[in-house]
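Hi everyone, thanks for making time.

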Amino acid sequence: MLQRLSRRRLELQQRYVELSGVGHCPNHEAPKAVAQVLTAWLQQRGDEAGEVTSLVPAGGVVVEEEWGKTVMTERAESEIEVTWADRLATNFL
């Protein structure tokens, strides 16, 4: 199992999906959206020869939760702004 994990491409291991209007506990605040993303992620087998597909279609997806709507968008690493405060905070983790 460890040998298989070591052969996986990094882009299959690191994904960033943003949920609008959701705070620090997304599984409680937007359970339908989280379930949709996790289901898509689990369905991707992670085959090292396989193609990397998006977890969320381009342009995002609107999910109707009990409290209202949330929009899911998948971001590439180049699209994520990391501030000096973020870098400082992650140095202590």
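I'll start with the overall layout and then stop at two residues.

First, a caution: this is a predicted model. The protein has 5 helices and 3 strands, and if you follow the sequence along, they come in the pattern α-α-β-α-α-β-β-α. There are 93 residues, and 19% of them count as buried. Now, take the contacts between residues at least 6 apart in sequence: 64% of those join residues at least 24 apart.

Okay, first stop: T70. Where does T70 sit? You'll find T70 in strand β3, which covers residues 69-75. And is T70 buried or exposed? T70 is buried, because its relative accessibility is 0%. Leaving aside residues up to four places away in sequence, T70 touches L19, S20, V22, A30, A33, V61, V62, V63 and E65. Have a closer look at S20 in that list: the backbone oxygen of S20 is 2.5 Å from a polar atom of the T70 side chain.

The protein exposes about 7400 Å², and 56% of that comes from carbon and sulfur atoms. Which residues make the nonpolar surface patch of about 230 Å²? That would be Y16, I80 and V82.

V82 is my second stop. Find the loop between β3 and α5, the helix at 84-91, and V82 is in there. V82 counts as partly exposed, because its relative accessibility is 41%.

So that's T70, buried at 0%, and V82, partly exposed at 41%.

Terms used
Residues are numbered from 1 along each chain as its sequence is written. This is a predicted model: local features need pLDDT of at least 70, side-chain atom pairs count only at pLDDT 80 or more; totals for chains, interfaces and linings use all residues. Side-chain values use heavy atoms; hydrogens and water are left out. Helices (H or I, at least four residues) and strands (E, at least two) are DSSP runs, numbered from the N terminus. Buried means under 20% relative accessible area, exposed over 50%, partly exposed in between (1.4 Å probe, protein chains only). A polar contact is a pair of N or O atoms within 3.5 Å; within protein, one must be able to donate a hydrogen and the other to accept it, and residues adjacent in sequence count only if both atoms are side-chain atoms. Contact means heavy atoms within 4.5 Å. Accessible areas come from the Shrake-Rupley method with a 1.4 Å probe; for residues, only the protein chains shown count as cover. Patches are made of residues with over 30% relative accessible area and no salt bridge: like charges are joined within 9 Å, nonpolar side chains (Val, Leu, Ile, Met, Phe, Trp, Tyr) within 5 Å. A salt bridge is a side-chain nitrogen of Lys or Arg within 4 Å of a carboxyl oxygen of Asp or Glu.
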